[in-house]
Amino acid sequence: MKNLSNQPCLIARSLALVGDAWSMLIMRDAHAGLTRFDEFRKSLGIAPTMLTGRLSALTDEGLLEKRRYSDRPPRDEYVLTEAGRDFLPVLFAIGAWGRKHRGGGNVTRFFDAETGTEIDPVTIDRETGAPVGTRPIRIAAPE
């Protein structure tokens, strides 16, 4: 597969970094407050080598920052950067799509911690105010 990170399409470039399920779920868990390797591993049931690779990639690309919390033994935690915090709406957009097209049965729900209301995300175009997906799009190649 051609390396997506060099594509002019920003969707392709972004998928090169966070386009696999493990990376998305690590970001979900980081937003839920998990920071330590063992916390991610327990939550996800992911193999240690795979988790190490994903955490390293997310750190190298600036979505997570590695911080030392213990010198003896050496232990690090992974905290969200500004870019990582900015990724939350992407996760909620995927969740909203899943609710509509993959829902049913018992599903995880997300609530605003301050108001207690369930989060129902809407993605809109800043310029027109129209919900994304309700109007035709046109893709323009770079000039």
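What follows is a chat about one predicted model and its fold, core and prolines.

Q: Before we dig in, what should I know about the model and the numbering?
A: It is a predicted model, so local features need pLDDT of at least 70 and side-chain atom pairs count only at pLDDT 80 or more, while totals for chains, interfaces and linings use all residues. Residues are numbered from 1 along each chain as its sequence is written, and side-chain values use heavy atoms, with hydrogens and water left out.

Q: Great. Which secondary structure elements does the chain have, and in what order?
A: There are six helices and two strands, running α-α-α-α-β-β-α-α from the N terminus. Helices (H or I, at least four residues) and strands (E, at least two) are DSSP runs, numbered from the N terminus.

Q: What box do the C-alpha atoms fill?
A: Roughly 55 × 45 × 25 Å, taken along the principal axes.

Q: And how much of the chain is buried?
A: Of its 143 residues, 22% are buried. Buried means under 20% relative accessible area, exposed over 50%, and partly exposed in between (1.4 Å probe, protein chains only).

Q: On to the core: which residues touch the most other members?
A: In the largest nonpolar core, with 19 residues, they are Ile26, Met27, Phe40, Leu58 and Leu64. A nonpolar core is a set of buried Ala, Val, Leu, Ile, Met, Phe, Trp, Tyr and Cys residues joined through side-chain atoms within 4.5 Å.

Q: Which elements give two or more residues to this core?
A: Helices H1 (10–18), H2 (21–31), H3 (37–44) and H4 (48–60), along with strand S2 (74–80). H2 gives the most, with four residues.

Q: What is Met27 in contact with?
A: Leaving aside neighbours within four places in sequence, Met27 contacts Leu58, Leu63, Leu64, Leu80, Gly84, Phe87 and Leu91. Contact means heavy atoms within 4.5 Å.

Q: And H1, what do its buried residues pack against?
A: Ala12, Leu17 and Val18 are the buried residues of H1, and they pack against H2 and H4.

Q: Switching to prolines, where is the cis peptide bond?
A: It joins Arg72 and Pro73, with omega about -10 degrees. Pro73 is in the loop between strand S1 (64–71) and S2. Most peptide bonds are trans.

Q: How about Pro121, where is that found?
A: Pro121 is in the segment after helix H6 (88–102). Pro121 is partly exposed, with a relative accessible area of 29%.

Q: What does Pro121 touch?
A: Not counting residues up to four places away in sequence, Pro121 touches Phe92 and Ala96. Pro121 and Arg102 are 19 residues apart in sequence and 16 Å apart in space, C-alpha to C-alpha.
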